[in-house]
Amino acid sequence: MRISRRAVAAATVLATVLPLSACGGGSDSDSSDASGDIKGKITFQTWNLQANFKDYFNGVIKDFEKENPGTTVKWVDRPAEGYSESLSADAAGGTLPDVVNIAPDLVAPLAKAGLALDLDKDKTAASYRKEYLDGAWKSHQIPGLEGTYGFPWYLNTGPMFYNKRLLKDAGLDPENPPKTYDELFDQGLKIAEQTGGKVATLGQVPTIEDFGRYGAELMNKEGDAFTFNDAKGVAMLTRYKELFDKKALDPQALTATPETTGTKFLTEAIAMNPGSAHDLETFKKDAPNLYKNIGITDQITSTGKVNMYVMGVMVNSKTKLKPAAVAFAHYVTDPTRQMSFAKKVAIFPSTAGSLDDPYFNKEDGTDETRVRIAAAKSLKKAVNYTPVLFSEQMKTELRNNVAKALQGKQSPQAALDQAVEACNKLLKQS
């Protein structure tokens, strides 16, 4: 099951419904911490997990209740569709569960509304910080607010696949694929030149994560303005325009989806594409010629750090059973439980040291393990480049303005200036 997911306009929906202006931000509902007796009945809500992992979570709950006599955990699972709306209704109605499975973009409006517990302020919760990867812990921090508003849970990332034959035919070393964006741009231009524009290297336009991996400053430290129209951002979009003009970026990239780009890679029309172990299985079955020439490398990055996608577990700051809620949120996300969950589905633990387990670094000759090892290695220093305040509307604004630059309708600087202006206006409205 693929469980990295984002609800469309989720943060925007929550921010619209919740009465943020009345709260002043933060989660200062009371001064008590979670050091008291772990007891009482709490509610734990997950996001579309019951269908495939019912036995796993029932086992976790049973173990927690056994280790903490006097506690009861009621498990509620919500479907993926409408999850943000469900959170909005619960938050507005005062029925938000004690412990909630949440993504960073969904926790932001809840934190601003004072409904998410600041783990850094709570002595018990803060004591667990050392158990998690630093980048994962920071993923639930909100620009403009002090604190951390969720325990990091599972991570996901993926390697870059490349076609060794296409690199070799262009006179490039198939065992030395590009690692930085500038190397990618240079090699992409060479492939396009050698094939007369028949083979592109990339199939999609740059996203906000690409700007982050290139080294652009995406947002100011205060968290009240986007800044990806800086020199780095303009330099990267300028290079993408060069790729587009020389057909090193697929001509259909402006309207491409992950599915259409995947098909182009499958048919060897593009030389590189991100993916997962599931894609390798598809190559083996449907494109044997590609499969025998497949190369696996890290995500392209000029910062030395790849992008990771993060899921977390939030504690409701208004819970009347804070010791039990914090204890269970930690229990679900501790090293033992995360390692167990990672062996049931293609995700990665966010706990420090877990990625050193042989499961993530010992080859066994299978395609699944090849991809898992490559991804796990890169995750140790990975960061979540997508700003938690960057909504789906903002992504659309960026994509539309990038398209204008690639088509020559605006300069890269003007296009990014316009994108930043539009995104900052949306940010003020949220």
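Residues are described as buried when their relative accessible area is under 20%, as exposed when it is over 50%, and as partly exposed in between (1.4 Å probe, protein chains only). The structure is a predicted model, in which local features need pLDDT of at least 70 and side-chain atom pairs count only at pLDDT 80 or more, whereas totals for chains, interfaces and linings use all residues. Residues are numbered from 1 along each chain as its sequence is written, and side-chain values use heavy atoms, with hydrogens and water left out.

Helices (H or I, at least four residues) and strands (E, at least two) are DSSP runs, numbered from the N terminus. Helix H4 spans residues 104-112 and is largely enclosed by the rest of the structure, because 8 of its 9 residues are buried. These buried positions are Pro-104, Asp-105, Leu-106, Val-107, Ala-108, Pro-109, Leu-110 and Ala-111. Just after H4, Gly-114 adopts a positive phi of about 80 degrees.

Aromatic pairs were assigned to rings of Phe, Tyr and Trp (its six-membered ring) with centres within 6.5 Å; planes under 30 degrees apart count as stacked, over 60 as edge-to-face and the rest as tilted. The whole structure contains 30 such pairs. Tyr-56 and Phe-57 pair edge-to-face, at 5.0 Å centre to centre and 80 degrees between the planes; both residues are buried. The pair of Phe-226 and Phe-228 is tilted, because the ring centres lie 6.3 Å apart and the planes stand at 55 degrees. Phe-226 and Phe-228 are likewise buried. One aromatic cluster includes Tyr-56, Phe-57, Trp-75, Trp-153 and Tyr-331.
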